[in-house]
Amino acid sequence: MAERTEISFAGRLASSAIAACVAEISTLPLDTAKVRLQLQKKASSGDAMSTSRYRGMLGTVITILSEEGLVALWKGLVPGLHRQCIFGGLRIGLYEPVKAFYVGDSFVGDIPLFKKILAGLTAGALGITIANPTDLVKVRLQVEGKLPPGVPRRYLGALDAYVKIIKQEGLGALWTGVGPNIVRNAIVNAAELASYDQIKQMILRIPGFSDDIFTHLLAGLAAGFFAVCVGSPVDVVKSRMMGDPSYKNTLDCFIKTLKNEGPLAFYKGFIPNFARLGSWNVIMFLTLEQVSKVFVSQVPF
C-alpha cells in the first residue's frame with residue numbers, strides 16, 4: 001500500500017511552538033535593545049541626556065549591560081516564552097491549514113502568492129488576538145529597566161505583572177494595544193511566512209539547490225528583512241502604547257509620534273529590529289524544519 005508523510009495539527013502546533021521558543025531565547029537581547037530604542041523619545045532642547053542614552057543596537061546593548069547587568073537583556077523572557085508557546089504555535093501552526101482552506105482540497109499546482117499572504121494575515125491576526133496579554137507583559141517587563149535607580153519596580157515577575165495589571169487596570173488592560181498589535185503581527189506574519197514559502201519555492205527551482213539547511217537559511221533571512229520593512233511602523237506604535245499608558249489610543253500615539261519626532265521615528269530601532277527578526281527567522285525556520293520531522297508520520301493513501 002502506498003504511503004505519504006503527514007503531520008498532525010497538534011504536531012504542527014507543537015513543532016511551531018518549540019521552534020518559536022528556541023528563536024526567542026536566542027534573540028531576546030536584541031529585542032530588548034529594539035524596544036528600548038523604540039521607546040526612546042526625542043528630547044526637549046534642555047534634555048540632552050535622553051538623546052544620548054541609547055545609540056544604535058550595539059550601544060544600547062552595552063548601555064544595558066553596564067547599567068543593569070547581563071540579566072536585564074533577558075528581561076521579559078518568561079512572558080516571551082508564554083507568548084511564543086501560544087502565539088508562535090498558533091500563527092506558524094495555523095499557516096498551512098489556513099492556506100489549504102483558502103485553496104481548497106482539490107487544488108493542484110503552485111499556490112498563488114496572494115493566497116499565501118492571505119493565509120499569513122489570517123493566522124497572525126487569530127494568534128495575536130489570543131496572545132496579546134503575553135505580549136503586553138513582556139513589553140512592560142522590558143521597560144522596567146528604564147526606571148531610574150532607587151525607583152521601586154512595578155512588577156516582581158511575569159505572574160506578578162499579570163495579577164497587578166488586572167487588579168489595577170482591569171482585565172481589559174491585558175489587551176491594551178491589541179489593535180496595532182493585530183495589524184502589526186498579521187502583516188509581519190504574512191511577510192515572514194508567505195515570503196519564506198515563496199522564496200524557498202523559488203530557490204528550489206534553481207539547479208543545484210535542494211531542500212537543505214542552506215536554502216532554509218537564505219529564505220529565513222529574506223523573510224526577516226521583508227517583515228521588518230513592512231512591520232516596523234506598526235511595531236513602534238505597539239511598543240509605545242504598551243510601554244507608555246499616556247496615549248489615548250492607536251491614532252493618538254501615531255499622530256503624537258509623527259508630530260513630535262517625524263516619520264523616521266517609525267523606523268527607530270530598524271537595525272536591531274532586522275538583526276532580531278533576521279536572526280529570529282533563521283533560527284526559527286531552521287529549528288522548525290528539523291523539529292517537524294519528529295512529528296511526521298507515514299499514512300496510507
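On a 1 Å grid over the protein atoms alone, a pocket is an open set of points with protein on both sides within 12 Å along at least five of seven lines, and its lining residues have an atom within 4 Å of a point. A cavity, on that grid, is a set of points where a 1.4 Å probe fits but cannot get out. Points are joined across faces, edges and corners, and a volume is the space filled by probe spheres set on them.

The structure is a predicted model, where local features need pLDDT of at least 70 and side-chain atom pairs count only at pLDDT 80 or more, while totals for chains, interfaces and linings use all residues. Residues are numbered from 1 along each chain as its sequence is written, and side-chain values use heavy atoms, with hydrogens and water left out.

I start with the pockets. The second largest pocket holds about 280 Å³ of space. Its lining is made of R12, E96, K99, A100, V103, G104, D105, F107, G109 and I111. Helix α5 gives the most to this lining, with four residues; helices (H or I, at least four residues) and strands (E, at least two) are DSSP runs numbered from the N terminus. By class, the lining of the second largest pocket has four nonpolar, two polar and four charged residues. Here Ala, Val, Leu, Ile, Met, Phe, Trp, Tyr, Cys and Pro count as nonpolar, Asp, Glu, Lys and Arg as charged, and the others, Gly among them, as polar.

The largest pocket has a volume of about 660 Å³. Of the 23 residues that line the largest pocket, R12, E96, K200, L288 and E289 lie nearest its centre. Two or more lining residues come from each of β1 (3–7), α1 (9–39), α4 (77–93), α5 (95–103), α8 (178–204) and α11 (270–295). Which element gives the most to the lining of the largest pocket? It is α11, with five residues. In this lining, eight residues are nonpolar, six polar and nine charged.

The lining of the largest cavity divides into six nonpolar, three polar and ten charged residues.

Now a helix pair. The axes of α6 (residues 113–143) and α9 (residues 213–243) come within 9 Å and cross at roughly 75°. Axes are lines fitted to C-alpha atoms, for helices over the stretch in contact, and angles run from 0 to 180 degrees between N-to-C directions. In contact terms (heavy atoms within 4.5 Å), N132, D135, L136, V139, R140 and V143 of α6 meet K238, S239, M242 and G243 of α9.

D135, in helix α6, is buried, with a relative accessible area of 0%; buried means under 20% relative accessible area (1.4 Å probe, protein chains only). Leaving aside neighbours within four places in sequence, D135 is in contact with R83, I128, N181, N185, K238 and M242. E144 sits in the loop between α6 and α7 (158–169). Is E144 buried or exposed? E144 is buried, with a relative accessible area of 2%.

Conventions:
Buried means under 20% relative accessible area, exposed over 50%, partly exposed in between (1.4 Å probe, protein chains only).
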